[in-house]
Amino acid sequence: MATARCWSIGNATSIPANQCGFALPSTIFLVSLLGVVGMSVFLLRHMKSQLDLIELARVRAEYAVQSGVAMGVTAAKSASDLRRSFETRLRSGEEVIVHTQPWGALVAVTSTGRAGKGTATLTALASDAPSPLFRQALVFGNQSHQLIFAGTSSIVGDISVGQSGASTGTLKERPPPRRLPVTGSVSKVSGPSQPLFSSPWLTDQLHEVLRLLEESRSQTRVFSNSVQIGNSGVSWLDPSLIADSTEYVFVRGDLRVSQSIHRDRPLRVVVTGNVRISSSARITGLIHLIASGPITVEDSVATEQVVLSSQESVSLEDSVSFSGQIIAPLITVSDGAMCTYPTVLLSTREMGGSTATRGIHLGGNTTVEGTVIMIPQDRARVDEQLIVIEPSATVVGTVYTTGAMTLDGTVIGTVITNDFYFYEAPTQYFGWLRSGRINREELPRSFLVPPGFQSQMKLQVLDWL
Amino acid sequence: MENTIVLQPRLKSSEGFSLLESIVAMALFLSVLIPLGTIIANALIKDTTGTRQTALHLAEKAVHEAERTVQVGKYQQEYDGFLIETESVREGDLMTINITVTHSKHVSMRPLKLSKVTLVGQ
């Protein structure tokens, strides 16, 4: 009789080949199948449970970082609070680390939250709530002469002028308004009515900028986490050379930027020559571009949150879509350029440089949403350091100068100036408004100004990165 | 008669093994199935995963509601067996919101807690 080795337990060699049966194999197969199915169900549920826990940790971490930003923003009350870090723990157990630092004329608040396995980091730009003075449409600081309205100039909102008051006047081919074109109250103030823009952290940063430029030229200091590019010729900024940990890029000579760059951590690019940002570039995040020569932003470039600092000038060409801060002695915004909120244009004597002409020039059809500030040099001629807002140019926000400005365009917001100025050959006019319009009532209530106009800050979130 | 003599050894040799095999198979089967069944049943009946997800959703909703209304104090809401406790405290421009969500049926599920500090009065 033929026998076979069957699937069995014990000595089953005597089982005939045709009687092996399938009980054990089928049972083992069934058990395995059920086991696999059962374990799969269990594993799937376990994985889903883990994913839910991860999702919960993520939500808690996100809430923690948002909480950190809120706490960081409210903790900064004065200039000394702007460079600090603190750690805290929320009641539900999340750990939060908050770091506050000046970012140009604004403040960057970075918050890192940890909840179980979830970690999140968030950076917000913060700015100051405007003081009651910014409720006015115009603060005209000059005490020695009148504010005179001519032509089509008009103001919607309250104004504050010196003891000489305000009146209407006639210019060549510009008839005077029939009555004072102010739809608000006119307050006469004796003594200085302009707030001083005092920003010690900005001054510190500008000194740091100048030091970086000097050290880049002389190569006297070795920076960790830095990259060196170029050797006096023209270099191209290659984002692939910049690691996440890189804090400084030093460029000897001129720089061209044509690629897209984004940074969540601060990066300072220090250039000893000129900078040209070409049309295809898109620069976003915490990037501070510092140049000793002029910076030119070509048309169609898009930027967000960046800071451009030059010892000479920054020019935005036609059709640029800019959002960020510009700090330079001379700032030119060409026709058709758009600077979206929150933009800060700051011309200050503290940037040094050799350029004779300073000021801010907003060409026709430009729009600037944000703050325009010019701090003139004490002994320079008025016409060499002006804010010029051409007809059809619009500023939505605040224009501030302790010098003079030529206002022929529109300001939706507040103008704080020591004087108005324009030149029509052969005469220089001081205190005259010939076609400028100011409308305070149309400014959105949520508008913020850079910290520095009041000693006690009340920071609020301006933009999220 | 001859057939009986021929078949008997075959039956004898196969009956013992088939019983043992069945017992072993059953034992194996049950040893896997019982714990597995228990786990699956627990998972299916309790469904803590779904409960946790709903609890998180309700907690987030409660945070948004507290931010929107800026309501300060302690208050409770019930929704489909869930108890949502909100505690909001305001200090200056900051409002601290603490949310605790529990479920009346799933007592074993740890209460879900969510905290957020938010800016108010902007």
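**Terms and their cut-offs**

Me: In chain B, what share of the contacts between residues at least 6 apart in sequence joins residues at least 24 apart?
Reply: The share is 46%. A pair is called a contact because its C-beta atoms, placed from the backbone, lie within 7 Å. The model is predicted: local features need pLDDT of at least 70 and side-chain atom pairs count only at pLDDT 80 or more, while totals for chains, interfaces and linings use all residues. Residues are numbered from 1 along each chain as its sequence is written, and chains are lettered from A and ligands numbered from 1 in the order in which they are written.

Me: How much of chain B counts as buried?
Reply: Of its 122 residues, 23% do.

Me: Why do S2 and S3 of chain B count as paired?
Reply: Pairing requires at least two bridges found by DSSP. Strand S2 (residues 82–91) and strand S3 (residues 94–103) of chain B are joined by 10 bridges and run antiparallel, so they count as paired. As one example, B:Ser88 has B:Ile97 in S3(B) as its bridge partner.

Me: What makes a set of residues a nonpolar core?
Reply: Its members are buried Ala, Val, Leu, Ile, Met, Phe, Trp, Tyr and Cys residues joined through C-beta atoms within 7 Å. The largest such core has 141 residues, with A:Ala126 and B:Ala59 among those with the most contacts inside it. Helix H1 (residues 23–75) of chain A gives the largest share, 10 residues. A:Ala126 touches A:Val73, A:Val107 and A:Leu462, among others.

Me: How is chain A divided into domains?
Reply: The parts are domain 1 (26–126) and domain 2 (132–453), with bounds from an automatic or database domain assignment. Their C-alpha centres lie 39 Å apart. The contact takes 11 residues from domain 1 of chain A and 15 residues from domain 2 of chain A.

How values were computed. Buried ≥ 20, exposed ≤ 12 C-beta atoms within 10 Å, placed from the backbone. Helix = DSSP H or I, 4+ residues; strand = E, 2+ residues; numbered from the N terminus. Contact = placed C-beta atoms within 7 Å. Lists of a residue's contacts leave out its neighbours within four places in sequence.
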